[in-house]
Amino acid sequence: MAIAVLVLLVGFAGCAGCGTYNSLVSDEERVDESWANVETAYQRRADLIPNLVRTVQAAGDFEQETLQAVTEARARATSVNVSADDLSDPAALERFRAAQGQLSGALGRLLVVSENYPQLRATEAFRDLQAQLEGTENRINVARTRYNEAVRGYNTAIRSFPAVMFAGMFGHSRRTPFEAEAGAEQAPTVDFGS
C-alpha cells in the first residue's frame, strides 16, 4: 500500500512538473514574440527614415546638420540588436533603448525644424511620411506595452509556486521589461524660437 501511495505521489509530482514546464515555455514564447513585435515596429520606423530624409533633402536648403543627425542616429539604432536571449540582461536592453531614444530625439528635432520650412510642410510626400511616422510611434508604444505585459506574466509565473521549484532547473530566468528613459516623467520643453 505504501508503495502505491509513493508511486501516486511521484506520478502526481511528475504531471505537475510537466504542466508547469509547458506553461513556462508558453509564457517564454509569448515574451519572445512580443519582443519580436517591438523590433518590427522599430524596424518600420528605421525603414521610413531614408524616405523622409530624401523628401526633406528635396526641399533644397534644409539644414544639413539636422539631416545628418537623423541619419547617424538611425545607423546607431539599427546597429544595436537585442536577441531574445538578451532579454534577461538589463544592460543590453538599456543600450537598445538608449539608441532608439537618440533616434526619437533626432526625429523630433527634424520635425520641429521643418516647421520653419512651409514649402516642405506643404508637400504631400512629407505630410504622408510624417503621418506614417506618427502611426509608427503609436505602434512602437503598443508593442512595448504588450511586451511588458508578457514579461510581467512570465516573471510572475517563474516566481509563483509550484513553478518556482522548476524554473531554475529548466533555465527559466527573469526577463527585463522595457522601461522609460530617465527624465521621461517630466514634460518636454517646446521652444519654437530656435
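Me: Before we start, what counts as a helix or a strand here?
Reply: Both are DSSP runs numbered from the N terminus: helices are H or I with at least four residues, strands are E with at least two. This is a predicted model, where local features need pLDDT of at least 70, side-chain atom pairs count only at pLDDT 80 or more, and totals for chains, interfaces and linings use all residues. Residues are numbered from 1 along each chain as its sequence is written, and side-chain values use heavy atoms, leaving out hydrogens and water.

Me: Switching topic, what share of the chain is buried?
Reply: Of its 194 residues, 32% are buried, meaning under 20% relative accessible area with a 1.4 Å probe, counting protein chains only.

Me: Back to the helices: at what angle do α2 and α3 pack?
Reply: Helix α2 (residues 64-79) meets helix α3 (residues 90-114) at about 160 degrees, and their axes are 8 Å apart. The axes are lines fitted to C-alpha atoms over the stretch in contact, with angles running from 0 to 180 degrees between N-to-C directions. The two are therefore roughly antiparallel, the term for angles over 145 degrees.

Me: Which residues make that contact?
Reply: With contact meaning heavy atoms within 4.5 Å, α2 brings residues including L67, V70 and R74, while α3 brings L103, L107 and R109, among others.

Me: And what classes are they?
Reply: You'll find 11 nonpolar, three polar and three charged residues there. Ala, Val, Leu, Ile, Met, Phe, Trp, Tyr, Cys and Pro count as nonpolar, Asp, Glu, Lys and Arg as charged, and the others, Gly among them, as polar.

Conventions:
Buried means under 20% relative accessible area, exposed over 50%, partly exposed in between (1.4 Å probe, protein chains only). Angles under 35 degrees count as roughly parallel, over 145 as roughly antiparallel, 65 to 115 as roughly perpendicular and the rest as oblique.
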